[in-house]
Amino acid sequence: FVGREEQIALLRSLFGQEGDSPAPSIFIYGVTATGKTAVVKAMMASLGLPHAFVDLVESFTQKLLFEHILNELSQQLPSEENEYRGFGRCEHISEFVRQLPAAIDMHHKGKSVFIAIDHAERLRDMPITVLPAILRLHELTHRRICVLLLTNIVWDKFHGGTGVRTPFIVHFPAYSKDAATTILSRDCPAGVERAFYEQYVGLMCSIFHGPCRDINEIRHIISLLMPVYKAPVDRGEIEASNSAQLFKAITPVLKIQLRRLYLRTTSTIEWQQQQQQQ
């Protein structure tokens with residue numbers, strides 16, 4: 001993971017060594033598209049850690065949240081084979097705390113277990129007892145549980161008052177220009193020379209990375225403008241290696257796109273149709 005070496009090392013230390021107790025709770029925050037979810041999922045898989053991963057966009061009620069965690073940790077995922085039955089019904093935090101040890105002990109007794117909650121800011125919309133209990137699961141269940149909260153807001157705006165234990169905080173900052181260039185250069189489409197594409201991505205990042213740190217937005221712009229940048233080469237008007245002339249040719253389009261930054265006023269298809277008409 002480019003540009004995330006420091007965060008990975010910190011998380012690895014908080015997870016602890018095999019046999020050690022991990023940090024009880026970790027608060028992972030950063031703006032959209034900074035690799036929070038991808039890094040956590042990859043670390044769980046590569047380290048072989050027993051875990052449950054739940055996205056509150058999908059599990060938007062406390063019942064869905066609790067039952068999703070219990071089903072994953074007990075490995076009783078609803079399916080046609082078990083007539084879509086999970087570990088059991090669980091609608092309140094007190095029931096969740098009571099049932100969680102049994103779910104863990106079915107396959108992970110004596111092991112450290114990790115519960116990752118994505119879009120965790122939605123916990124604030126649940127009853128006020130949920131967040132404090134979630135952060136104290138290791139204490140309430142007497143199991144080695146580490147809860148990871150992934151969100152795009154800072155901790156000071158996350159918790160609602162007293163009674164909430166402060167977790168270890170890990171910040172995922174926006175990618176640097178060099179890191180963004182390296183990451184986006186991996187998206188080289190078929191039929192395009194890698195050196196040419198890397199030159200193009202470097203140009204786009206040098207222009208858009210200052211006003212825009214959202215790597216997904218820059219990726220959208222790169223995809224949108226690639227046919228325009230490449231058109232003079234396809235027509236034989238400019239050599240692919242002549243980056244100065246290619247930049248000069250696309251400059252009017254770049255000025256328009258800078259004004260439209262973050263405003264998806266046209267879809268990719270509409271943009272392409274407009275360029276063909278011009």
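Visitor: What volume does the largest pocket have?
Guide: In this predicted model, the largest pocket has a volume of about 290 Å³.

Visitor: Which residues are the closest to its centre?
Guide: The largest pocket is lined by 16 residues, and Glu18, Gly19, Leu49, Pro50 and Ser112 are the closest to its centre.

Visitor: And how do the residues of that lining divide into nonpolar, polar and charged?
Guide: The lining of the largest pocket has 5 nonpolar, 6 polar and 5 charged residues.

Visitor: New topic, helix packing. What describes two packed helices?
Guide: The angle between their axes and the distance between the axes.

Visitor: OK, at what angle do α1 and α2 cross?
Guide: Helix α1, residues 5-15, and helix α2, residues 36-47, cross at roughly 50°. Their axes come within 11 Å.

Visitor: Why are α1 and α2 called oblique?
Guide: Angles under 35 degrees count as roughly parallel and 65 to 115 as roughly perpendicular, with oblique kept for the rest. The crossing is at roughly 50°, so α1 and α2 are oblique to each other.

Visitor: Is that crossing of α1 and α2 left-handed or right-handed?
Guide: The crossing of α1 past α2 is right-handed.

Visitor: Which residues meet there, between α1 and α2?
Guide: From α1 there are Ile8, Leu11, Arg12 and Phe15, and they meet Val39, Met43, Met44 and Leu47 of α2. By class, this contact of α1 with α2 has 7 nonpolar residues, no polar ones and 1 charged.

Visitor: How about α7 and α8, what angle do they pack at?
Guide: Helix α7 (residues 177-184) packs with helix α8 (residues 194-208) at an angle of about 145°, and the axes are 9 Å apart. The crossing of α7 and α8 is right-handed.

Visitor: Which residues make the contact of α7 and α8?
Guide: On α7, Lys177, Ala180, Thr181 and Leu184; on α8, Tyr197, Val201, Gly202, Cys205 and Ser206. The contact of α7 with α8 comes to 5 nonpolar, 3 polar and 1 charged residues.

Visitor: Where do the axes of α9 and α10 come in, and at what angle do they cross?
Guide: Helix α9 covers residues 215-234 and helix α10 covers residues 243-259. Their axes come within 10 Å and cross at roughly 140°, which makes α9 oblique to α10. The crossing is right-handed.

Visitor: What makes the contact of α9 and α10?
Guide: α9 gives Ile221, Leu224, Leu225, Val228, Tyr229, Pro232 and Val233. α10 gives Ser243, Leu246, Phe247, Ala249, Ile250, Val253, Leu254 and Gln257. The contact of α9 with α10 has 13 nonpolar residues, 2 polar and no charged.

Visitor: Now the loops. What phi does Gln75 have?
Guide: Gln75 has a positive phi of about 60°, although it is not a glycine. Gln75 sits in the loop between α3 (62-74) and α4 (93-105).

Visitor: And His142, where does it lie?
Guide: His142 is in the loop between α6 (137-141) and β4 (145-151). The phi of His142 is positive, about 60°, and His142 is not a glycine.

How values were computed. Residues numbered from 1 in each chain as written. Predicted model: local features only at pLDDT ≥ 70, side-chain atom pairs only at ≥ 80, totals over all residues. Heavy atoms only, no water. 1 Å grid on protein atoms, 1.4 Å probe; cavity = no way out; pocket = protein on both sides within 12 Å on 5 of 7 lines; lining within 4 Å. Points joined across faces, edges and corners; volume = space filled by probe spheres on them. Nonpolar A, V, L, I, M, F, W, Y, C, P; charged D, E, K, R; others polar. Axes fitted to C-alpha atoms, helices over the stretch in contact; angles between N-to-C directions. Helix = DSSP H or I, 4+ residues; strand = E, 2+ residues; numbered from the N terminus. Left-handed = near helix turned anticlockwise from the far one by under 90°. Contact = heavy atoms within 4.5 Å. Parallel < 35°, antiparallel > 145°, perpendicular 65-115°, else oblique.
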